Amino acid sequence: MQFQQLQYFVAVAETRHFTRAADLVHVAQPSLSQQIKALERELGADLFLRARGNITLTDAGEALLPLARRILADADTARHEVQELAQLRRGRVRLGATPSVCTGLLPDVLRAFHDRYPGIRLLIEEGGSHDLVRGLARGALDLALVVLPLPTPSPALTTVELLREDLVVVSSPDAPRPGEGRRTVRVADLEGERLVMFRHGYDLRELTVAACRAEGFEPDFAVEGGEMDAVLGFVRAGLGVAVVPRMVAARAGRGLRVTPLARPGLHRTIALAHRSDVAPPRAARELQRMLLER
């Protein structure tokens, strides 16, 4: 099995078209087809079902695709690692983070990292913890900031707790204060409030909904489906209240009232994760150090 054959296979799998795949990898279409056939002979199985105008993966092709992507991603990481110059003057870091972490924790750390290593490209991917774990597993990310506990525990990942953060309730200053005007609000008090809720896949959505159900009620959504900036904007407009990390609320600026949750409150644990079987590239290790020492 040749590395080049895996590149051609992934290109066909993603484009579902041999000619477009050949253009993508800059090779003549007959050469690409020959290499795919050679790979199928070596594996002893067809990888594609070929019909006029319709290319689909066989069961063998479906099984090979995630493995091939991981092999190619690992090779790409190795190439970038070897090509880095001394003193981290060149390179890249692929960092995944939940949207609220991008808003609250990352700006200061990334600014300090960029000031120290201006030649390092920072590639940021936002997503829920589940998607970020999958990105790490397939080699698409070097590091990820995820919320513990992970939705699906993975023995192939190493996680280090970074911080434990309180959640708070934000509301419009023009609306009545939640919790009947008290200085703190209980989760149970949210039963009488309309919530502005994040889209599915947000860790904060699952945490808030679970906390409400633990108090014996289903939350009432005024608006749902937004990203962090949209949720804060809807709250400012008086559409409802939202439960957000304290760090995000502190950075959100004017136009929001922040009310702490009464003890025991709600909290979340942020951890830094990377694959256990592959050491992060040098630049990623430096960013990891700065995050842990922040």
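Modeller: Start with Phe48: its relative accessible area is 2%, so Phe48 is buried. Keep in mind that this is a predicted model.

Biologist: How should I read that percentage, and why does Phe48 count as buried?

Modeller: Under 20% relative accessible area means buried. Phe48 has 2%, so it falls under that cut-off.

Biologist: How many aromatic pairs does the structure hold?

Modeller: There are 4. In one of them, the ring centres of Phe9 and Phe48 are 5.5 Å apart and the planes stand at 45°, so this pair is tilted. Phe9 is in helix 1 and Phe48 in strand 1 (residues 48-51).

Biologist: Is Phe9 buried or exposed?

Modeller: Buried, because its relative accessibility is 0%. Now go back to Phe48, which also pairs with Phe18. Plane angles over 60 degrees count as edge-to-face. Here the planes are 70° apart and the centres 5.9 Å apart, an edge-to-face pair. Phe18 is in helix 2 (residues 18-25), 30 residues from Phe48. Phe18 is buried too, at 11%.

Biologist: Which residues make up the aromatic cluster?

Modeller: Phe9, Phe18 and Phe48 form one cluster.

Biologist: On to helices. How do helix 1 and helix 3 cross?

Modeller: Look at the angle. Between 65 and 115 degrees, two axes count as roughly perpendicular. Helix 1 (residues 3-15) and helix 3 (residues 29-43) cross at roughly 105°, with axes coming within 9 Å. The two helices are therefore roughly perpendicular.

Biologist: Which residues meet there?

Modeller: Helix 1 brings Gln5, Tyr8, Phe9 and Val12. Among those from helix 3 are Leu32, Ile36 and Leu39. By class, this contact has 7 nonpolar, 2 polar and 1 charged residues.

Biologist: What about helix 6 and helix 11?

Modeller: The axes of helix 6 (residues 106-116) and helix 11 (residues 282-293) come within 10 Å and cross at roughly 130°. That makes these helices oblique to each other. The crossing is right-handed. Its residues include Val109 and Phe113 of helix 6, and Leu287 and Met290 of helix 11. The class count is 9 nonpolar, no polar and 3 charged.

Biologist: One last residue. Where is His274, and is it buried or exposed?

Modeller: His274 is in strand 11 (residues 267-275). It counts as buried, at 14% relative accessibility. Beyond four places in sequence, its contacts include Leu136, Asp142, Thr158 and Gln288.

Notes: Residues are numbered from 1 along each chain as its sequence is written. This is a predicted model: local features need pLDDT of at least 70, side-chain atom pairs count only at pLDDT 80 or more; totals for chains, interfaces and linings use all residues. Side-chain values use heavy atoms; hydrogens and water are left out. Axes are lines fitted to C-alpha atoms, for helices over the stretch in contact, and angles run from 0 to 180 degrees between N-to-C directions. Helices (H or I, at least four residues) and strands (E, at least two) are DSSP runs, numbered from the N terminus. Angles under 35 degrees count as roughly parallel, over 145 as roughly antiparallel, 65 to 115 as roughly perpendicular and the rest as oblique. Contact means heavy atoms within 4.5 Å. Ala, Val, Leu, Ile, Met, Phe, Trp, Tyr, Cys and Pro count as nonpolar, Asp, Glu, Lys and Arg as charged, and the others, Gly among them, as polar. Buried means under 20% relative accessible area, exposed over 50%, partly exposed in between (1.4 Å probe, protein chains only). A crossing is left-handed if the near helix is turned anticlockwise from the far one by less than a right angle, and right-handed if clockwise. Rings of Phe, Tyr and Trp (its six-membered ring) pair if their centres lie within 6.5 Å; planes under 30 degrees apart count as stacked, over 60 as edge-to-face and the rest as tilted.
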